[in-house]
Amino acid sequence: ADKRKRGLSKQCMAATDIHEYLLESGHRLSYRTVCRYIREQKKSRSEIFIRQNYEPGQASEFDWGHVVLTIGGKVKQLMLAVFTLSYSNHRWAMLFYREDMASFLDAHVKYLAHIGGVPLVMVYDNMRVAVARYAIRNAEKQPTEDLLKISTYYQFNYRFCNARRGNEKGHVEKSVGYVRKKAFSLIDEFETLQQANDHLASKLQE
């Protein structure tokens, strides 16, 4: 439990490791007993998720996704910037060559122009273009200078998700895969990036 709080869940013992440790410590019990105990502990502390209700324009969630397309005869791994409004589930997306700050800012400018307004809150995970100083606790995370500038210019607040809590921006988490499948499952070859983005825009309109 202490390791999980410190973000070290990948360095926790598995059931087999716990059983081996107990045997080495002189205890006599079966592996099945250890598994049963672990299962009971997980049940007693299982998480409960409360469905959130949003007002129109209250929040928009942002995330990156990967898309592999053939552009001008060459296979390229592109970045898909996706926004989803939490109330209406309205989706907007755009393709970029890189997941860098220039793409991050350009995506925001074009998205806000497209919807003709500014959500009260923009929600991000722990992506490097949004979070300058990572921390387990949200209160200790620091935004990048560019996120501060664009949020000040457009007058939106920002919120970061907790580590490994994709459910805190579940709308856009599902939207990345949904948009990718709907837009590029049938057609994945284009002459230019602009042609691919035009195709994506038409699919989003549908």
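Is F160 buried or exposed? In this predicted model, F160 has a relative accessible area of 7%. The cut-off for buried is under 20%. F160 is therefore buried.

The protein chain holds 206 residues, and 33% of them count as buried. Its secondary structure amounts to 7 helices and 8 strands.

Aromatic rings were considered next. The whole structure contains 13 aromatic pairs. One of them is formed by F83 and W92. Their ring centres lie 6.0 Å apart, and their planes meet at 50°. Planes under 30 degrees apart would count as stacked, and planes over 60 as edge-to-face. The F83 and W92 pair is therefore tilted. F83 is buried, and so is W92.

A second pair brings F160 back into the picture. The ring of F160 pairs with that of Y124. Here the centres are 6.5 Å apart and the planes stand at 45°, so this pair is tilted as well. The two residues belong to separate strands. Y124 sits in strand β4, which covers residues 121–124. F160 sits in strand β7, which covers residues 157–160. The pair therefore ties together parts that are 36 residues apart in sequence. Y124 has a relative accessibility of 0% and so counts as buried. F160, at 7%, is buried too.

F83, W92, Y124 and F160 are among the members of one aromatic cluster. The cluster also includes F62, W64, F96, F104, Y111 and Y158.

The relative accessibility of L95 is 1%, so L95 counts as buried. What does L95 touch, leaving aside residues up to four places away in sequence? Its contacts include V67, L69, L78, M79 and L80. Further along the chain, L95 also touches F184, L193, A196, N197 and L200. L95 and G65 are 30 residues apart along the chain, and their C-alpha atoms are separated by 9.4 Å.

Note on methods
Residues numbered from 1 in each chain as written. Predicted model: local features only at pLDDT ≥ 70, side-chain atom pairs only at ≥ 80, totals over all residues. Heavy atoms only, no water. Buried < 20%, exposed > 50% of the residue type's maximum accessible area, 1.4 Å probe, protein only. Helix = DSSP H or I, 4+ residues; strand = E, 2+ residues; numbered from the N terminus. Contact = heavy atoms within 4.5 Å.
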